[in-house]
Amino acid sequence: MRTRVMAGLCVALVVMCLYMPQPCEAQYEALVASILGKLSGLWHSDTVDFMGHTCHIRRKPKFRKFKLYHEGKFWCPGWTHLEGNSRTKSRSGSTREATKDFVHKALQNKLITKNSADAWLKG
């Protein structure tokens, strides 16, 4: 999917340069820098401390039916095989919902207690 997105952006960039007034080179550099800045913000990975365990969060873009969604994943290797997953239209919402999904699964599998989950979510 990433190759399609990048190919589409390259085609759009070429078309824009063809219809922009000359000189295009100065505008081209500013436009490319702006587009690359926006694209790089779509992917995100981080490590967090979750109740004394090292866990990972990942967010990546996904296109479905010509709409942009953000898929989130929260997992804690070395502690459990459980993963929290989400798909939302919001970048920050995807990581939040993935974390909630992980906590919900951990509660169901009795890895954590409701009190400790509430304390972590409030803190």
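Residues are called buried when their relative accessible area is under 20%, exposed when it is over 50% and partly exposed in between, with a 1.4 Å probe and protein chains only.

**View 1. Overall fold of the protein chain in a predicted model.** By the cut-off above, 27% of the 123 residues of the protein chain count as buried. The protein chain has four helices and four strands, in the order α-α-β-β-β-β-α-α from the N terminus; helices (H or I, at least four residues) and strands (E, at least two) are DSSP runs, numbered from the N terminus. Where contact means heavy atoms within 4.5 Å, 26% of the contacts between residues at least 6 apart in sequence join residues at least 24 apart.

View 2. Leaving aside residues up to four places away in sequence, Thr 99 touches Phe 74 and Trp 120.

**View 3. Lys 67 in strand E3.** Strand E3 covers residues 67–75 and contains Lys 67, which has a relative accessibility of 43% and therefore counts as partly exposed.

**Notes to all views.** Residues are numbered from 1 along each chain as its sequence is written, and side-chain values use heavy atoms, with hydrogens and water left out. Because the model is predicted, local features need pLDDT of at least 70 and side-chain atom pairs count only at pLDDT 80 or more, whereas totals for chains, interfaces and linings use all residues.
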